[in-house]
Amino acid sequence: MSLESITENVDEAVSGFFEPIAKWLGEIVFYAVPVGGTDLPLIVAWLVVAGLVFTGWFGFIQVRKFRLAVDVVRGKYDDKDSAGEVNHFQALTAAVSGTVGLGNIAGVAVAVSIGGAGATFWMILCGLLGMATKFVEVTLGVKYREVHADGTVSGGPMHYLPKGLGERFGKNGKTFGKVLAVLASVMILFFGLFGGNLFQVNQSYAQLVSVTGGEDGAMGSSAGALFFGVLVAALVGIVLLGGIRSIASVTSRLIPAMAGIYIVACLVVILVNVTAVPGAIGTIIEGAFNPEGVAGGVLGALIIGFQRAAFSNEAGLGSAPIAHSAVKTKHPASEGLVALLEPFIDTVVICTMTALTIVIANPASWGEAREGESIGGVTITSDAFETVLPWFPYVLTVAVLLFAISTVLTWGYYGLKAWTYLFGRSRTSEIVFKSLYTLLAVSGSLLTLQTLIDLADAVLFSLAVVNIIGLYLLAPVVKRELNTFLAYVRTRKADGTDGDKDEEPAKATV
């Protein structure tokens, strides 16, 4: 029996078993209600409302404290003798690597195809709201993290939900928090294995095949697929062995380089078509409030934009606090401020650059997709770049590969922390997980497992329900932590001390 027939049999068997489960959970998680002629998924509303609530609760912190957040990333308020494993910049890039990926390249193209150019406006707005949510969850992640005897750190919703709720509401709160923590761990682990790992490898392999001659090309055979899977698994396995320090070391170099290349390419397309920029911006604004050819009109464009942003930056899902919790700091809110930059980079900058490039270049494939043709998002984005840079699809392939690998690495770390919360931190337990994770990376280039991936998406957004309940209940804790850190910053400024010294923060009045 050939390798191809084996993988087809596995795909069919897995799909046959999980399809009813995926369909059932998907119908619940992504349940939509008709609003103004279109359908609004309630999970998107749940995420957006959280962003609105936390934006109001913390007085538009994403605007007021944006400069301070940049100063913290630059190391101005570093605590070099603090517990933790990585600095603020490394923690940020590690978390960004888990969100910046194929969604920024392909997902945005799909959004502006379904929701029109106006979806870009609403995508930006949702990204700005998500900054406040990200601030809250990451502050809690650092506040209630667990620092182990060997200096390593574990954080995330599986830690701040039981500890925080127990601290605020006593025994009953702790019990409720533990239930939520177990649910969160299972959801993070499941998505890490299939959405953050298998799907990323599968899609990056598909893009590689498309630029190397298709199924008849050098990488189109089952042997090529196996070689690619083994190569990715080997790279991921080596980095995972080094833990968050190793992952952060890779992502702190990879993410700025990838984002820089991608943004420069977008700017090239935009500058070549600079005379079309005012018209494109006008099209985006007009499309946001008076869209044509979009189901549901304004609400349709709004919903598509919000959905793309929510799915892209993962604000409120509880995944990013796992990476941010490893930061070296004595002030949880300092990393919360750093984290609010994450949706800004992911959605407001990178997703918007993609959308603007497509609108300005106006490739034929985008027009066809808007008329209902089934065209892949990566194809539309690639065609937009190709209008100015004929060779860029190859660079885009490299970007897709690197974005995918960085996402696999970060979700490997997230999955490991969920696994050890459920099954213990023993060396054997960690080896079992890392072995399972690398084996799934190999299979990612061989198996489609679309049903499992659909199930993983539903599971991940179920996590938002669990996590945001905890965020609402623990928001007063975050307010106290913010006041404490701001008092510390004022003290530092008053004393004229630089960012390398560590002083006790002044007590804040809450």
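Mentor: Let's start with a rule for angles: under 35 degrees counts as roughly parallel, over 145 as roughly antiparallel, 65 to 115 as roughly perpendicular, and the rest as oblique. The model here is predicted, so local features need pLDDT of at least 70 and side-chain atom pairs count only at pLDDT 80 or more, while totals for chains, interfaces and linings use all residues. Residues are numbered from 1 along each chain as its sequence is written, and side-chain values use heavy atoms, without hydrogens and water.

Trainee: At what angle do the axes of helix 14 and helix 15 cross?

Mentor: Two packed helices are described by the angle and the distance between their axes. Here, helix 14 (residues 332-339) and helix 15 (residues 341-361) cross at roughly 10°, and their axes come within 4 Å. Helices are DSSP runs of H or I with at least four residues, strands are E runs of at least two, and both are numbered from the N terminus. Axes are lines fitted to C-alpha atoms, for helices over the stretch in contact, with angles from 0 to 180 degrees between N-to-C directions. That's why helix 14 and helix 15 count as roughly parallel.

Trainee: Which residues make the contact?

Mentor: Helix 14 brings Leu337, Val338 and Ala339, and helix 15 brings Leu341, Glu342 and Pro343 (contact: heavy atoms within 4.5 Å). Sorted by class, that gives five nonpolar residues, no polar ones and one charged (nonpolar: Ala, Val, Leu, Ile, Met, Phe, Trp, Tyr, Cys, Pro; charged: Asp, Glu, Lys, Arg; polar: the others, Gly among them).

Trainee: How many salt bridges does the structure hold?

Mentor: Side chains of opposite charge can pair when their charged atoms come close. This structure holds three salt bridges (a side-chain nitrogen of Lys or Arg within 4 Å of a carboxyl oxygen of Asp or Glu). One of them joins glutamate 342 to lysine 134, with the closest N and O atoms 3.1 Å apart. Glutamate 342 sits in helix 15 and lysine 134 in helix 7 (residues 119-143), so this pair ties together parts 208 residues apart in sequence.

Trainee: Are glutamate 342 and lysine 134 buried or exposed?

Mentor: Both glutamate 342 and lysine 134 are buried (buried: under 20% relative accessible area; exposed: over 50%; partly exposed: in between; 1.4 Å probe, protein chains only). Another salt bridge joins lysine 143 and glutamate 481, at 2.9 Å from N to O. This one links helix 7 with helix 20 (residues 450-495), 338 residues apart. Lysine 143 is partly exposed at 31%, whereas glutamate 481 is buried at 14%. Then there's aspartate 71 with arginine 74, whose closest N and O atoms are 2.9 Å apart. Aspartate 71 is buried at 12%, but arginine 74 is exposed at 63%.

Trainee: What is threonine 381 in contact with?

Mentor: Skip its neighbours within four places in sequence, and you get Ile105, Ala109, Tyr262, Thr354 and Ile358. Threonine 381 belongs to helix 17 (residues 377-386), and its relative accessibility of 1% makes it buried.

Trainee: Where is asparagine 362?

Mentor: Look in the loop between helix 15 and helix 16 (364-370). Asparagine 362 isn't a glycine, yet its phi is positive, about 50°. At 47% relative accessible area, asparagine 362 is partly exposed. Phenylalanine 60, also not a glycine, has a positive phi of about 55°, and you'll find it in the loop between helix 2 (42-57) and helix 3 (61-64).
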